[in-house]
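Colleague: I would like to learn how to read the nonpolar core of a model and the strands that go with it. Where do I start?

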Amino acid sequence: MNSFHVFGLVILLHVTAITCVAILLWQFGRHRPAFQYAVGVVGLLLTLSSPMLVLILPQQNWFRSPGLQQADHEVESSNVAVDVPPLDGSVDVPPSIHESRPSTPERRAFSPTGLSKMLFSVSMNSFFAMWFLGSTLVAYRLSKSHHALRCLSRSWTTLPRYRLDKVEHGVCAALNDTRLPVIPVTPLAPIPLVLGVLKPVVVLPQHFADSASDEALRDVLIHECAHITRRDPVVHSLQQFASILFWLHPAISFLNQCISRSREELCDNFVIRNGDPADYSQTFLALSEISGQQRTSLPALSLFSSRWTL
């Protein structure tokens, strides 16, 4: 096993331990979405920093860096025994060239240990190659989805000012903010979305902006703008990066689901504290019936992100 194999396995061990602890703490924090979200985000950050943790943490036991392990092995193998002449002064005289016997080729016996090492090395190389190809495929699919979302900007228009004036005060009061982000409208968006990381915007479907009541529009804007106020697009980007690096790890997928669920509950609480939960449920149900199955492939923050129950 070379140093690359050891380094990769140690990282997977770190990721497994961190995510399992984070998931257990998340389960203990039921009915406390703020605590669950904090635990999930900390676990996600530690997971993404696991390669640096392998190199920075104290070099002991399972935190030991594979590079240092290989260096120690080379130092140990370089300790060659030195012949010391006997104390009585006698020196062994090597036989002359004419007296030496011709050397015969040695036959190497079959070594099961060597074969097992070779098979293990081949299997590890195949595993990490498959992992790399899978990460490349996931990154490609996400890039295509993000490109499709960016194409929405070619067809959107600004939300009419008379609609925004009716709900702006209520949204700002609910979020304790003084201004709203840019709110474009497009017929290509199936559901309300939050696009962007550095300068996020709230994108509304054209049919919803035209037909929704003022109360429904206010509730949806409170939910979506809460994502921007809480800097959720940054965490969402880190989740996508983790899903690319560790696409095959089931604990990472479950941790991302836990983070998304807690995030949606926190944004729902903004709406529930400043509106009618029954009306909000009706709005959510109406949007769910209109959007259909299109929401399942969207890589952006939306009203339906990893929601388990209505």
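This is a predicted model: local features need pLDDT of at least 70, side-chain atom pairs count only at pLDDT 80 or more; totals for chains, interfaces and linings use all residues.

Colleague: What is the general idea behind a nonpolar core?

Modeller: In soluble globular proteins, nonpolar side chains tend to be buried together. Here the largest such core has 30 residues, and Ile 183, Val 202, Leu 204 and Leu 221 have the most contacts inside it. At least two core residues each come from α6 (161–175), β4 (201–205), α7 (206–211), α8 (214–229), α10 (250–273) and α11 (277–291). The largest share, eight residues, is supplied by α8. There is also a second, separate core of 22 residues, which includes Leu 12, Val 235, Ala 242 and Phe 246.

Colleague: Why is β4 described as largely enclosed by the rest of the structure?

Modeller: Buried means under 20% relative accessible area. Five of the five residues of β4 are buried, so the rest of the structure largely encloses this strand. Val 201, Val 203 and Pro 205 point one way from β4, while Val 202 and Leu 204 point the other way.

Colleague: Which residues does Val 202 contact, beyond its neighbours within four places in sequence?

Modeller: Among them are Pro 181, Ile 183, Leu 193, Leu 221, Cys 225 and Ile 228.

Colleague: Which strands pair with β4, and in what sense, parallel or antiparallel?

Modeller: Strand β2 (residues 184–186) pairs with β4 in the parallel sense over two bridges, with Thr 186 opposite Pro 205. Strand β3 (residues 193–195) runs antiparallel to β4 and is joined to it by three bridges; Leu 195 has Val 201 as its bridge partner. In the hairpin of β3 and β4, five residues lie between the strands, and Gly 196 takes a positive phi near 100°.

Conventions
Residues are numbered from 1 along each chain as its sequence is written. Side-chain values use heavy atoms; hydrogens and water are left out. A nonpolar core is a set of buried Ala, Val, Leu, Ile, Met, Phe, Trp, Tyr and Cys residues joined through side-chain atoms within 4.5 Å. Buried means under 20% relative accessible area, exposed over 50%, partly exposed in between (1.4 Å probe, protein chains only). Helices (H or I, at least four residues) and strands (E, at least two) are DSSP runs, numbered from the N terminus. Contact means heavy atoms within 4.5 Å. Two strands pair if DSSP finds at least two bridges between them.
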